[in-house]
Amino acid sequence: MGKRTILTTSTRGILEDSFPYRLYQKAKRLGTWNPADIDFRQDQKDWSMMNTEQKEDILRLISQFQAGEEAVTLDLLPLMMAIAKEGRLEEEMFLTTFLFEEAKHTEFFRLVLNAIGEKGELSHFHTETYQKIFYEILPTAMERLVTDQSPEAIAEASVVYNMFVEGVLAETGYFSFYAALETAGIMPGLLEGIGQLKKDESRHIGYGTFLLQRLICEHPHLFDFVAAKMGELTPLAISLNQEGIAGREVSAFGGDPDDIMNFTLKQLSVRMEILARAKGKKIEEIYRYTDSELGVL
Ligand code: MN3
Ligand code: FE
């Protein structure tokens, strides 16, 4: 352990204008919604009116989200440790809100399941690809940081967690919920929570984008590493969608499954496009990013 450097009583102080600190301020304002305050009474009624295929589609989404939120809650800590070890105070202050929010997301989906009376085993919705991502790739990338805090290890963790799981898979999931439920005008409590989650998630993805751009700026060779990692993960996003669609031409709510697949493909390319902006930037420019430049709602 090196000698401690205290920042807040030094002339540096806190970098109040920096992107991660502004994100922390925003999280304190917006990340305070309480899942337990959401009213699911209409959702209960809507659920009882849905047919078996519709229930199956929504339950698959909910159970994949439920397990995904649990996984990201449990797996985030090593990243916080790695950032704290580097003395990156503003980033760690933001990360305290990040973990709190993931805990609330885990709580939220359990409340939905309780409200619709689904208390049974749901792991049969965790398809082969789902298990590969959430039971293997994510925990392995995050746990690696316990013993290896190299820039490559942090970049790998952030690609898997922030860019892929949050920026591609979760975003596709929100899109699927809206496509099914908003059009049908049902499950208002579930949709209210999804709206909140989406805002929280935009800060998490925004932080991951900042982190990866900072790493690419500090170690330019990491851009190719990050791009290759995203390339490796891409087929998994596609097969996860295919497993959900299960060869159908129309979803249980009448939507076109191709819309979901196209959304996933767009997310994959958007994430890399934004990361490519780090190339040739000075580190000060990365700290000065505005919320909207990194897609924060
Ligand atoms: Mn979440
Ligand atoms: Fe998140």
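User: What makes the arrangement around the iron ion (ligand 2) irregular?
Analyst: The four donor atoms around the iron ion subtend angles of 81 to 160°, so the arrangement counts as irregular. Four donors are called tetrahedral if all angles lie between 85 and 135 degrees; four are square planar and six octahedral if opposite donors are over 155 degrees apart and all others between 65 and 115; anything else is irregular. This is a predicted model, in which local features need pLDDT of at least 70, side-chain atom pairs count only at pLDDT 80 or more, and totals for chains, interfaces and linings use all residues. Side-chain values use heavy atoms, with hydrogens and water left out; residues are numbered from 1 along each chain as its sequence is written, while chains are lettered from A and ligands numbered from 1 in the order in which they are written.

User: Which residues are the protein donors of the iron ion?
Analyst: Glu102 (OE), Glu166 (OE), Glu201 (OE) and His204 (ND1) lie 1.8 to 2.1 Å from the iron ion. Donors are N, O and S atoms within 2.8 Å of the metal (3.2 Å for Na, K and Ca); water is not among the atoms, so sites may look incomplete.

User: What spacing do they follow along the chain?
Analyst: The donors of the iron ion follow E-x63-E-x34-E-x2-H. Glu166 in helix α7 and His204 in helix α8 (residues 188–218) are 38 residues apart, and this pair links distant parts of the chain. Helices are DSSP runs of H or I with at least four residues, numbered from the N terminus.

User: Why do His105 and Glu201 count as buried?
Analyst: His105 counts as buried because its relative accessibility is 0%. Glu201 also counts as buried, because its value is 2%.

User: How far apart are the two ions, and which residue coordinates both?
Analyst: The iron ion and the manganese ion are 3.3 Å apart, and Glu102 coordinates both.

How values were computed
Helix = DSSP H or I, 4+ residues; strand = E, 2+ residues; numbered from the N terminus. Buried < 20%, exposed > 50% of the residue type's maximum accessible area, 1.4 Å probe, protein only.
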